[in-house]
Amino acid sequence: QTRVYQEAQEEGVANVVIRLLKKRFGQEVSEEMRARIESLPLATLENLTEALLDFTSLADLQPWLEAQ
């Protein structure tokens with residue numbers, strides 16, 4: 001896998017995570033949180049896709065990101 005391919009894959013997963021968060025909680029993710037999500041490596045993004053199923057509100061995202 002080339003670096004360009006990996007970056008494209010990370011960007012795609014990050015966009016899906018952001019869309020899932022918006023759909024689940026009915027509100028936009030802040031620009032700060034969006035930037036933090038977009039900067040995560042692929043393995044962490046994959047973990048976040050599973051973790052967000054346990055979130056009870058969008059506020060759960062901040063502590064999860066800080067723990068990474």
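A residue counts as buried under 20% relative accessible area, exposed over 50%, and partly exposed in between (1.4 Å probe, protein chains only). Welcome to the tour: this is a predicted model, where local features need pLDDT of at least 70, side-chain atom pairs count only at pLDDT 80 or more, and totals for chains, interfaces and linings use all residues. Residues are numbered from 1 along each chain as its sequence is written, and side-chain values use heavy atoms, with hydrogens and water left out.

Start by selecting glutamate 11, which sits in helix H1 (helices are DSSP runs of H or I with at least four residues, numbered from the N terminus). Glutamate 11 counts as exposed because its relative accessibility is 53%.

Next, show H1 (residues 3–25) together with helix H3 (residues 42–51): they pack at about 20°, their axes 10 Å apart. H1 is therefore roughly parallel to H3 (the cut-off is an angle under 35 degrees).

To see what makes this contact (heavy atoms within 4.5 Å), pick Gln9, Glu10, Val13, Ala14 and Val17 on H1, then Leu42, Leu45, Leu48 and Thr49 on H3. By class, the contact residues comprise 6 nonpolar, 2 polar and 1 charged.

For the last stop, stay on H3 and select its buried residues: Leu42, Thr44, Leu45, Leu48 and Ala51.

Notes:
Axes fitted to C-alpha atoms, helices over the stretch in contact; angles between N-to-C directions. Helix = DSSP H or I, 4+ residues; strand = E, 2+ residues; numbered from the N terminus. Parallel < 35°, antiparallel > 145°, perpendicular 65-115°, else oblique. Nonpolar A, V, L, I, M, F, W, Y, C, P; charged D, E, K, R; others polar.
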